[in-house]
Amino acid sequence: MLKPLKIAFIRLSSMGDIIHSASILPSLFSALSEKYQPIFDWYVDSIFYEILEQSPYIHKLIALPIKQSLQERKPKNLLKIYQSLKEESYDYVIDLQGLIKSALIGKCLTTQHFIGFDYQSIKEPLASFFYTQKVSIPYEKHILLRNATLAFSAFNLTIPTLQTLLHPPTFLASNSNLSPCL
C-alpha cells in the first residue's frame, strides 16, 4: 500500500483563476500516484464553493466565508475560521493564489512544507515571507505554467509543458445545480 500524502491547495477566488488552478490536479495526481496515495484538499472562499464541489480529485473542499465575514464585519466569524484552520494538518500546503490573505490561511494550517511563489514572482510580495519553500517563475509566464511550476516543483517532479496543460483531463464534474446567470 502506498503512503498517503495529504496536500492542501489554497486558491480562494476568483472563478477563472480557481478553474485554471484546479486544472493541474489530474497531472499532479497522476505523477504523485507513482509513489504515494495523494489526498487533495482545497481551500476556497465560500462564494466560489460550487465551482469545485464535484471535482473527482478533491478529497475535501473547505469553504471559508472570508469575504462574507469581512463585508458583514463579523470578527467572531474570522476567529471561528482561524480556529478551524488550526485543527488541520498537512504534509504540504500550496498557495496557488499568492496574496497575503491566502498566505495567512496557509500559515494557520499545520505543516512542515508551505510552498508559494518567491518575492519576485508574486502579486503581493510580502506573502512570500510566510512560505518555507519559494518557487521562482516570472509573473509574465502563462498562469497554467505558473501554477504547474509551483505545484510540481514542491515535489521535484518534471513540470508538464504548456501544451499538456492546455488540454487537461476532466478535472471538474458537471453540476446540474449550476446554471448560467442571465
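What percentage of the 182 residues of the protein count as buried? The share is 45%, where buried means under 20% relative accessible area, exposed over 50% and partly exposed in between (1.4 Å probe, protein chains only).

This is a predicted model, in which local features need pLDDT of at least 70, side-chain atom pairs count only at pLDDT 80 or more, and totals for chains, interfaces and linings use all residues. Residues are numbered from 1 along each chain as its sequence is written, and side-chain values use heavy atoms, with hydrogens and water left out.

**View 1. The whole fold, from start to end.** Here you'll find 8 helices and 6 strands (DSSP runs numbered from the N terminus: helices are H or I with at least four residues, strands E with at least two). Starting at the N terminus, the order reads β-α-α-β-α-β-α-α-β-α-β-β-α-α. The C-alpha trace spans about 45 × 40 × 40 Å along its principal axes. As for contacts with a separation of 6 or more, 55% of them join residues 24 or more positions apart; contact means heavy atoms within 4.5 Å.

**View 2. A cis bond at serine 14.** Look at the peptide bond running from serine 13 to serine 14: it's cis, with omega near -20 degrees. Serine 14 sits in the loop between strand S1 (3–10) and helix H1 (15–22).

**View 3. Asparagine 156 and its positive phi.** Asparagine 156 isn't a glycine, yet its phi is positive, at about 55 degrees. You'll spot asparagine 156 in the loop between helix H7 (143–153) and helix H8 (162–166). Asparagine 156 is exposed, with a relative accessible area of 73%.
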